[in-house]
Amino acid sequence: MKTLKILILMVVMVSCKTATDPLPDRYTLQAFAEPQEGGAISPQAGEFNLGDLATLVATPAPNWYFSGWSGDVSGSVNPEKLVFNGHKQVTALFERMETSVWAMGYNHNGQLGNGQQEGSDRPLQSLNQASFVTAGSWHSYFIRPDRSLWGMGYNLHGQLGDGTTTDRHLPVKIRDEVLVAAAGEHHSLFVTTSGELFATGENIEGQLGAGDRMQQTVPVWVDSDVRTVTAGDWHSLYIKNDGRLWGMGKNLDGQLVPETINRIETPVQIAEGVLQAVAGHRHTLYLTEDGILWGKGGNASGQLGDGTFVDRRDAVQMASHVQFVSAGRDHTLFITNDGVLWGVGNNTHGQLGDGSLTDRNRPVQIDRDVVFATAGIRHTLYIKSDGTFWATGKNGDGQLGDGTRVERTHPVRIDERVLHAAAGVHHSLYVRSIVHEAPDPAEPVLPPCLGDPLDQWQDKGGTPRRWPSCSEPAELGIE
């Protein structure tokens, strides 16, 4: 009996100890992205106390979208809250975004890529699955998600790089493993995923950078360790991985170097610490790491934004706090860190979107909440943060895509869900997500900065504010 009592007591003591065991001091989080190339999740790991709250954020990679959670979190709310009452394992699921390329405007050479030669004043679906587009004068390039480069349109000078001088009304594959491409007047350049720069097409000004002026129908190697490239009408620019800007081609107005050399056939260094650069017809623009926008070269229309119409062989500071820039034939677009789109230079067809046809040598506001812009020869396209797509300027061939051939001096809304765009001479291209039908162009809608200067609104605190007129000179910290 005494042995039985001792055994019962031991069982009770063990039971009590198990019931009152302390919980683990810390709980762990393991977070994954599936597939890995689809995006990222934050935080990826960590230790948390009982009752701690963590915020999970899924960030898709370009041309991917977040589709939902699996594991200890379900649904598709993003960001999502997670309460720790145990160890957690979470996976963010991503799917490749279905995209299509839409095109409008002049199409005699097949630059819209739909197999026809008839142009359109409404967007036409050209092809599926592209992540990047670029438009030259009469030809077009695009890159698919698998990094293959394709081209279509005018090819008399070999600018497509397919080994012929035959126009292509349907896309032809040029090369695999391409990171970025640029289409100029009658030449093209592209950078491979390994950083090799190639060029093809017309070379009368040495714009291919091959050390001669020979036309090429097959891409020739130019340089290595290259990050990105851009093409103007007669000159080309590229940035190496060390941030140095190089250029080649026409230099009549000092768009490459200050020296009075008409053309440069071998790349020369222009600047250091450069994030982005673009080439127009006769001018060069580049954005440095400190957010300063610089311009040089032709300035007959005021496209350098320095308050004059004088060409500049030495770079002049145009604006500060800039995050993006684009160059048209002789007008300039740039976006400041607050999302405001500015324009300066030629405005003979309303491409600055300020309601006038007056050239501007000081920047004027075009719109707000803008994330991307591209300048054509005489028209402007841009994308807002909500994915809406807007256009202004010359429209004689329907390149604005608003269903008319009437030029616009105020931006008109064209489409939505737009990811990327390119403006050529008389045609336009853009990439749209998950699209299966042609969009209906909307009636012209004026962005806030295009309204009456006396229009007022109230901020969140109830304080009256006034939208500035787009015709008001910019205040951009220019000395």
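Is Asp-311 buried, partly exposed or exposed? At 32% relative accessibility, Asp-311 counts as partly exposed; buried means under 20% relative accessible area, exposed over 50%, and partly exposed in between (1.4 Å probe, protein chains only).

## Basis of the model

This is a predicted model, in which local features need pLDDT of at least 70 and side-chain atom pairs count only at pLDDT 80 or more, while totals for chains, interfaces and linings use all residues. Residues are numbered from 1 along each chain as its sequence is written, and side-chain values use heavy atoms, with hydrogens and water left out.

## Overall make-up

Of its 479 residues, 54% count as buried.

The protein exposes about 20,700 Å², and carbon and sulfur atoms supply 51% of that area; accessible areas come from the Shrake-Rupley method with a 1.4 Å probe, and for residues only the protein chains shown count as cover.

## A four-stranded sheet

Four strands form an open sheet with mixed pairing, in the order E3-E1-E7-E5. Its edge strands, each pairing on one side only, are E3 (45-48) and E5 (64-71). Two strands pair if DSSP finds at least two bridges between them.

Strand E1 (residues 27-34) runs antiparallel to E3, and four bridges join the two. Thr-28 has Glu-47 in E3 as its bridge partner.

## Salt bridges

The structure holds 19 salt bridges, each a side-chain nitrogen of Lys or Arg within 4 Å of a carboxyl oxygen of Asp or Glu. In one of them, Arg-244 pairs with Glu-272, with the closest N and O atoms 4.0 Å apart. Arg-244 lies in the loop between E19 (235-240) and E20 (245-250) and Glu-272 in the loop between E21 (263-271) and E22 (274-279), so this pair ties together parts 28 residues apart in sequence. Arg-244 is partly exposed at 33% relative accessibility, whereas Glu-272 is exposed at 52%.

Arg-282 forms a salt bridge with Asp-253 (2.7 Å, N to O). Arg-282 sits in the loop between E22 and E23 (283-288), and Asp-253 in the loop between E20 and E21, 29 residues apart. Asp-253 is buried at 11% relative accessibility, while Arg-282 is partly exposed at 24%. Arg-282 also meets Asp-311 in a salt bridge (3.0 Å, N to O). Asp-311 lies in the loop between E24 (293-297) and E25 (312-319), so its pairing with Arg-282 ties together parts 29 residues apart in sequence. Elsewhere, salt bridges that share partners join Arg-413, Asp-415, Glu-416 and Arg-432 into one network.
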